[in-house]
Amino acid sequence: MKLKLAAIALASAFTVSAQAQTEIQWWHSMTAVNGEVVNDLAKNFNASQNKYKIVPTFKGTYDESFTAAVAAHRAGNAPHILQVFEVGTATMMASKGVTVPVGKIMKDAGEKFDPKAYVSAVAGYYTAPSGEMLSFPFNSSTTVFYFNKDAFKAAGIDTAKAPGTWPEVALAAAKLKASGHKCPISIAWQGWTQLESFSAWHNVEFATKGNGMQGMDARMKVNSPLHVRHIENLANMAKQGLFVYKGRANVPEASFISGECAMMTTSTGFYGNVAKNAKFSWGLAPLPHYPDVPGAPQNTVIGGASLWVMAGKKADEYKGIAQFFSYLSEPNVQAATHQRTGYLPITMAAYELTEKSGFYGKNPGTDVGVTQMIRKTTDKSRGIRLGNYVQIRTIEDEELEQVWAGKKSAQEALDSIVKRGNELLERFEKANKKS
Amino acid sequence: MEKRVVFRSPWLPWVLMAPQLTVIAVFFFWPAAQALLQSLQQSDAFGGSVEWVGLENFRNLWNDPGYLASFYTTALFSSLVAVLGIGLSLLLAVFADRIVKGTLVYTTLLIWPYAVAPAVAGVLWLFMFAPSVGVLSYALRSLGVDWNHLLNGTHAMTLVVMAAVWKQISYNFLFFLAGLQSIPKSLIEAAAIDGARPWRRFWTIVFPLLSPTTFFLLVINMVYAFFDTFAIVDAATQGGPGKETSILVYKVYYDGFKAMDQGSSAAQSVVLMVIVVALTVVQFRFVEKKVNY
């Protein structure tokens, strides 16, 4: 093993000196299948030309690689490209002089670059109010609904059409419980799916200022009557044993795979795992909504991560990065990535190419996330971009848990999310307003 | 007259102490000073704009009811960990001390958990108590206890306390065993001849003679519960449900390394430092008086 590593190091040393390639460091957080895709993308790009060499490095989970990049930046040796999760977007945008906008890099390098070619709900999230694209959308996911068809059949529920509204979900859950099912529905990423995406899906504000997209003085709005109604509804389901709480983040996903929970709202990124590991027939459907809310369903919000270009590098290196981003945007490269990972296609051309190839027909459900996102967005649904977002997510978890435990009413918990969230938003605004 | 060895040279003692002093300076005083400095600043994640804000980080903490509630959580957690950890290991040490055969096997097994990293300990206990798949939660259910630390705060606290105690028992055990073995057998035998039963022998002879060890362990366990347990909390409950297991040190870790709010995190670690210094002073001034060396 050591010998092999030494040989590789030696070989790479020779190739570099022979061709004088410019190396571009790329830090990412992709594991399993998605990690292989990252390495393949770098390998294929490196093979397509001989001036630049993309070197992908796995740096741990999203927050680990982010912490590592902060430390590296302070020490003056940040990578060229850094993959940052969506909740870190506002922090990256507010950190002046740390990154270089992707739009500027493409223009300086003279690459053909049309921001309109990108799916607007995806690219819009990473675009400044001025219209300049700041980071390159790489892996984007959204919130969808999974259901266990075998469990539905056992409970005597029609599996041809998934429950599309929350009243239908409650009804299906009641039938599942009556048939002896212990966990009719559970929810992963509760804040993201039940508050954030829920807001956009019903075209109501999650926060003011276009959910923070238009300025740092945004404030939380999640205690609206519709939000209270939904959380109250879920709390009632929890009391009756229809909704069973299974933990924070994506921890609950395991209970869907094992067959313990029959329905689940979570990320499109869960697709690969279900396809590979579920031992039952299952379906993928759009996120449920309330049919009496005007304008619903609108569109769901984005998750996943984007690629940020760090400042202070050489002009030639930026040229290589621009070329690499052009390569990633090519329809066939993009379509292949989308089909392998389950992440959303970032350009319309890639979506159309995938559709023409018959991929969606052969893999039913894979287009659910895409069709939820490829819609004309409104100011209330374009996305949610708040400062101190990581902490706000935790506040959502903490307060919702108290509702599921019956310690707080929906109104109390949501009021508390607004109050605690606003304190963090005020602090973020204050810490960043000078720049 | 007292016999003392005195260094003739004025600088030799300093040279001999230099390695130790350097280690303390680099790994303790320097970071502590850094924390003090950062607690007075507010900066963005990348440290681009650093602003002096005086005591604002501390004021924000004082105005946060969640942070104040965390003091109560921490007090409860630390006392449970210290009392249970010390009590259980003393019990085990007393038993291990009486065993004639296979002492080595018992002691080795009891020392093992100390080698386990805190995060691993957290995950281990989490698995055993996972509400739907855990072995122990299954057993509890058959006893009529609906174990669910995801929503039940008492269950969650029990879980992290058990993991933290389990991890520390080995350390305490080692010290107690050494302490027990250094008690002269003649004392105990004399008491036995005088007709004292084991229970009475323990309380009147063994326990008082162990008091220096117990006192030392009390300080060490308090420091352990205050500082070294964030990995257990992070792995097992992430401070939940709600904030019911969010002890002070966990919030320091979370705000500093996950949320990138270094000003607040530094302020919290300063608060923590003050508390532990104060606790240690109290222990040395009041508890130590009851210790017989």
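These legends go with close-up views of a predicted model.

In this predicted model, local features need pLDDT of at least 70 and side-chain atom pairs count only at pLDDT 80 or more, while totals for chains, interfaces and linings use all residues. Residues are numbered from 1 along each chain as its sequence is written, chains are lettered from A and ligands numbered from 1 in the order in which they are written, and side-chain values use heavy atoms, with hydrogens and water left out.

**View 1. Chain B meets chain A.** Here 29 residues of chain B touch 32 residues of chain A, where contact means heavy atoms within 4.5 Å. About 2800 Å² is buried between the two chains, with carbon and sulfur atoms giving 51% of that; buried area is the accessible area (1.4 Å probe) that two parts lose on being put together, summed over both.

View 2. The rule picks out five salt bridges between chain B and chain A, each a side-chain nitrogen of Lys or Arg within 4 Å of a carboxyl oxygen of Asp or Glu. Look for A:Glu398 and B:Lys243, whose side chains make a salt bridge at 3.5 Å, N to O.

View 3. Strand E1 (41-43) and helices H2 (56-62), H11 (248-258) and H12 (262-287) of chain B each give two or more residues to the side that touches chain A. Helices (H or I, at least four residues) and strands (E, at least two) are DSSP runs, numbered from the N terminus. H11(B) gives the most, with four residues.

**View 4. B:Ser78 in its helix.** B:Ser78 sits in helix H3 (residues 65-98) of chain B. With a relative accessible area of 1%, B:Ser78 is buried (under 20%; exposed is over 50%, partly exposed in between; 1.4 Å probe, protein chains only). Leaving aside residues up to four places away in sequence, B:Ser78 touches B:Met222, B:Ala225 and B:Phe226.

**View 5. One disulfide over all chains**. The sulfur atoms of A:Cys183 and A:Cys261 are 2.1 Å apart, and a disulfide needs them within 2.5 Å. The S-S torsion is about 90 degrees, so this disulfide is right-handed. The pair links distant parts of the chain, strand E6 (residues 183-187) and strand E7 (residues 261-267) of chain A, with the cysteines 78 residues apart. A:Cys183 is buried at 1%, and A:Cys261 is buried at 0%.
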